[in-house]
Amino acid sequence: MAFAGCELPGPSDDPYEALLFRLKQEFVPLTVLWELTHKCNLDCIMCYNVPLGQSELTTVECFNVLEQLASAGTLYLTFTGGEILSRRDFFQIAQHARSLGFAVSLKTNGTLITPEKADQIAALAPLRVDISLLGATEKTFDAIAGSKDTLRRVLRGVRLLQERNVRVKLLSLLMDLNMPEREQMIDLVMELGVDYEQAFKISTADDGTDKAGDHQLSREQMTEVLAVDHTPFRPRTVNATSRTCSVSLSSCLVDPYGNLLPCIELRIPAGNLRNKPFSELWSNGGIFRQLRNQHVMKNLPDCWICPINRYCEGRCSGLALKEHGDLYGGHLLACQQAQARFASIFPNERVPVTPLQTRLHGSTVKRPGSPQVGQPIPLLEGVNVHPTFFMETNGSV
């Protein structure tokens, strides 16, 4: 169960995967995530969007950006929000994208889908429509979404799309509010017959505030979920040039105001598409050049010497920057998920402390649900780590 985020590049015997790997090596912007708006009809407690009080891109400006992306080689385009259906010109923009040959995916909360809108979505022939499933009961879903009658409206939207043979994937962000309904959500998904994914990561808001951190699952709860998850997991190979994600290599984010950003979590703009062309910002934007050259394991001091870095699935530069102001540091949620993964595979072993947890031990920088740490275990094969990063403690790290 990995974090939703940038996929790691890697060579493959599969021709398609090999092509994707080559395009990443050549820095082709193959995949673009586009936040069309920050407006939304829901008020989810874990939403990380922070509207900037600026005018969003107009229809004409969106058309211009689409044409630039097509010229740059972008193939996969995902429209997200906010809520994409709150833009009155959404279908104009999406239809123009399809006319330019993009493979389009959509992210929507599903509550605004009517039969007419379902027809329009089906006409786009999207690769997939992602919809959040935040609970199995109206009470829980409404509490998280800040709305009324939310689950019924979401399920109506899902069924309207299914009736039109649109591929739907439901995504559940697990937190303490809906964890008791995890099995019910799985049962509901099986009844619907749609794709499904559960994730752990509650993101810090774009302005750095931790709106929903109190609802983050503990390491023990993550371990419980991973222990019964049947998704194959293989510890990854780690060397000095390994990357924790493919940020800046083949994907980027456009926000509603025209800012070009590395990803949805790392909101350092390379520039604005209202002022400079995409090709220039993608090729020469300072943050993109920096990450391409430096975002490798040997430059991530906490992660490079971590004894469980082979089990880490979620280290994110954006979250590290928000949490500690360090683009190349670790962040505690990734540490906890790596520990949970390790504990789910080796339930009888003591879980190692990460270098970041050791460094922050005793400080006020803590995330709810931090694990209790026991005595050290032997170092993992092939990983060298300074022995001071294994410690005994009676407190949370």
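The model is predicted, so local features are taken only at pLDDT of at least 70 and side-chain atom pairs only at pLDDT 80 or more, while totals for chains, interfaces and linings use all residues. Residues are numbered from 1 along each chain as its sequence is written, and side-chain values use heavy atoms, with hydrogens and water left out.

Start with the overall build. The chain has 14 helices and nine strands; helices (H or I, at least four residues) and strands (E, at least two) are DSSP runs, numbered from the N terminus. Of the 397 residues, 53% are buried, where buried means under 20% relative accessible area, exposed over 50% and partly exposed in between (1.4 Å probe, protein chains only). The chain exposes about 17,500 Å², and carbon and sulfur atoms supply 51% of that area; accessible areas come from the Shrake-Rupley method with a 1.4 Å probe, and for residues only the protein chains shown count as cover. Taking contacts with a separation of 6 or more, 72% are between residues 24 or more positions apart, a contact being heavy atoms within 4.5 Å.

Next comes the sheet. Nine strands form an open sheet with mixed pairing, in the order β6-β5-β4-β3-β2-β1-β7-β8-β9. Its edge strands are β6 (195–199) and β9 (271–272), each of which pairs on one side only. Two strands pair if DSSP finds at least two bridges between them. Strands β7 (residues 251–254) and β8 (residues 259–261) run antiparallel to each other and pair over two bridges, and V254 has L260 in β8 as its bridge partner.

The loop between β7 and β8 holds D255. This residue is buried yet has no salt bridge, and the nearest side chain of opposite charge, R267, is 4.7 Å away. For charge, Lys and Arg count as positive and Asp and Glu as negative, with His and the chain ends not counted. A salt bridge is a side-chain nitrogen of Lys or Arg within 4 Å of a carboxyl oxygen of Asp or Glu. The D255 side chain does reach two backbone nitrogens, that of G258 at 3.0 Å and that of N259 at 2.9 Å. Leaving out residues up to four places away in sequence, D255 touches W34, E35, L52, L57, L261 and R267.

As for salt bridges, a search of the whole structure finds 20. In one of them, the side chains of K39 and E56 meet at 3.5 Å, N to O. Both K39 and E56 sit in the loop between β1 (31–35) and α2 (59–72), 17 residues apart, and E56 is buried at 15% relative accessible area. Another joins the side chains of E61 and R274 at 3.1 Å, N to O. Because E61 lies in helix α2 and R274 in the loop between β9 and α9 (278–284), this pair ties together parts that are 213 residues apart in sequence. E61 is partly exposed at 25% relative accessibility, and R274 is partly exposed at 33%. K276 pairs with E280, the closest N and O atoms being 4.0 Å apart; K276 is partly exposed at 42%, and E280 is partly exposed at 35%. There is also a network of salt bridges linking E35, K201, D206, E265, R267 and K322.

Helix α5 (138–145) has T140, F141, D142, I144 and A145 as its buried residues, and these pack against β4 and α6. Just after α5, G146 takes a positive phi of about 65°.

Most residues other than glycine have a negative phi, and most peptide bonds are trans. D149, which is not a glycine, has a positive phi of about 60°; D149 lies in the loop between α5 and α6 (150–163) and is partly exposed at 32% relative accessible area. A125 is another non-glycine residue with a positive phi, near 50°. The loop between α4 (115–124) and β4 (128–132) contains A125, which is partly exposed at 47%. Finally, a cis peptide bond joins G81 and G82, with omega about 15°, and G82 is placed in the loop between β2 (76–80) and α3 (90–99).

How values were computed. A polar contact is a pair of N or O atoms within 3.5 Å; within protein, one must be able to donate a hydrogen and the other to accept it, and residues adjacent in sequence count only if both atoms are side-chain atoms.
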